[in-house]
Amino acid sequence: MTEADGLLRSGPLSAERARHYADHGAAYARGAEQFVAFPSYDPVLDSQDLYVPAHEFAVMGGELAEDLLAAGEADRVLLRVEAQAEAVPEKPFRRLVRYVARTEGPPSAEPPPGIRLVPADAGSVPFVKSMMRRAMLDGYHGAVRDPRAVDAYLEETVRFTGPGALHGLVAEAAGGEIGHITWTDPAPDEVTGALFHDLIDVHVLPEFEERAMTAALTRAMFDRIAQSAAGVRGNVIEDEEGKADRLHDGLLRAGWAPLFALWVTTS
C-alpha cells in the first residue's frame with residue numbers, strides 16, 4: 001500500500017479511526033444501538049447538524065434519520081459514506097456533496113501569458129470575498145434565506161493575516177484581479193484523523209481561460225505546500241444540471257481520488 005493509499009483509503013473501522021471520532025464525537029443511542037456522531041452548526045443556513053459516519057450503525061436509512069430529527073437532535077442529519085463503501089442510502093437521504101483528495105500536485109501548469117500569480121494579502125480580501133460569495137450562493141442552490149448570512153460568514157472567516165488565517169494566491173492580469181485559490185492549514189479529518197488542507201475555493205472570472213487558470217492556480221498551491229505532510233481535499237456540490245457529475249469525473253481523470261460523500265435529510 002502506498003502512502004497515498006493509506007491516507008485516502010484507511011479502513012472504516014480501523015483502531016486509529018475509532019479512537020479519533022470517539023475522542024471528537026458525541027455518543028447517541030437509538031434503542032439498544034449506540035453510535036458516535038459529530039454535532040455541528042451551519043451559520044449560513046442557521047442549521048444545527050448531526051454529522052454521522054455511516055459505518056456507525058448496521059442499517060443506513062431514513063428510519064434512523066427520522067428518529068433523530070423527530071427527537072429534536074438536529075435540523076439536518078448528514079450521513080457520511082466512505083467512497084470505498086459504494087453504498088447508497090435510502091430515501092429521504094439525498095447526496096449533498098462529494099469529497100475528493102490527492103497527496104501530490106498535478107503536472108506543471110503555467111498561467112497563460114500576461115497573467116501572474118501573487119500571494120493573497122489583506123488587500124486581496126474584498127476580491128476573494130466577492131468570488132467566494134458568488135460560489136457559496138450558487139452552491140447552496142437557493143437554500144440561503146438571507147444572503148447577509150453569507151456576508152457575515154465571509155467577514156468572520158476570510159483573512160490572510162493573524163490567527164486562523166487562510167492561505168491564498170490571486171491571479172492578476174493588467175493589474176486587475178481575475179481569479180484566486182484559497183486553502184487552509186492542515187487539520188485532522190473529522191472521522192479518520194488524517195491530515196488535510198481544505199481547498200476552500202478556486203474561482204476564475206468567466207471571461208478568462210478558466211480551465212488553464214484553475215490548473216495553474218492548483219499547481220501553484222501544491223508548490224506552496226510541498227513540504228507539508230498533509231494531503232489536500234476539495235468538494236463537488238451536487239446539482240440537478242449534471243455539472244457536478246462532469247466536474248467530479250474530470251477531477252478523477254486529473255488524478256484526484258474519491259474520499260467520501262455526504263448525504264442529507266432535513267426536518
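**Salt bridges across the fold**

Glu155 and Lys129 pair up in a salt bridge, with their closest N and O atoms 2.5 Å apart (a salt bridge being a side-chain nitrogen of Lys or Arg within 4 Å of a carboxyl oxygen of Asp or Glu). Glu155 sits in helix H5 (residues 147-157) and Lys129 in helix H4 (residues 125-139), so the contact ties together parts 26 residues apart in sequence. Glu155 is exposed, at 54% relative accessible area; here buried means under 20%, exposed over 50%, and partly exposed in between, with a 1.4 Å probe and protein chains only.

A word on the source: this is a predicted model, where local features need pLDDT of at least 70, side-chain atom pairs count only at pLDDT 80 or more, and totals for chains, interfaces and linings use all residues. Residues are numbered from 1 along each chain as its sequence is written, and side-chain values use heavy atoms, leaving out hydrogens and water.

Now go to Arg233 and Asp189, whose side chains meet in a salt bridge at 2.7 Å, N to O. Arg233 belongs to strand E11 and Asp189 to the loop between strands E9 (187-188) and E10 (195-204), so this pair joins parts 44 residues apart in sequence. Both residues are buried. Through shared partners, salt bridges link Arg80, Glu82, Asp189, Asp198 and Arg233 into one network.

Glu238 and Arg95 form another salt bridge, at 3.1 Å between the closest N and O atoms. Glu238 counts as buried because its relative accessibility is 11%, while Arg95, at 30%, counts as partly exposed.

In total, the structure holds 14 salt bridges.

Technical notes
Helices (H or I, at least four residues) and strands (E, at least two) are DSSP runs, numbered from the N terminus.
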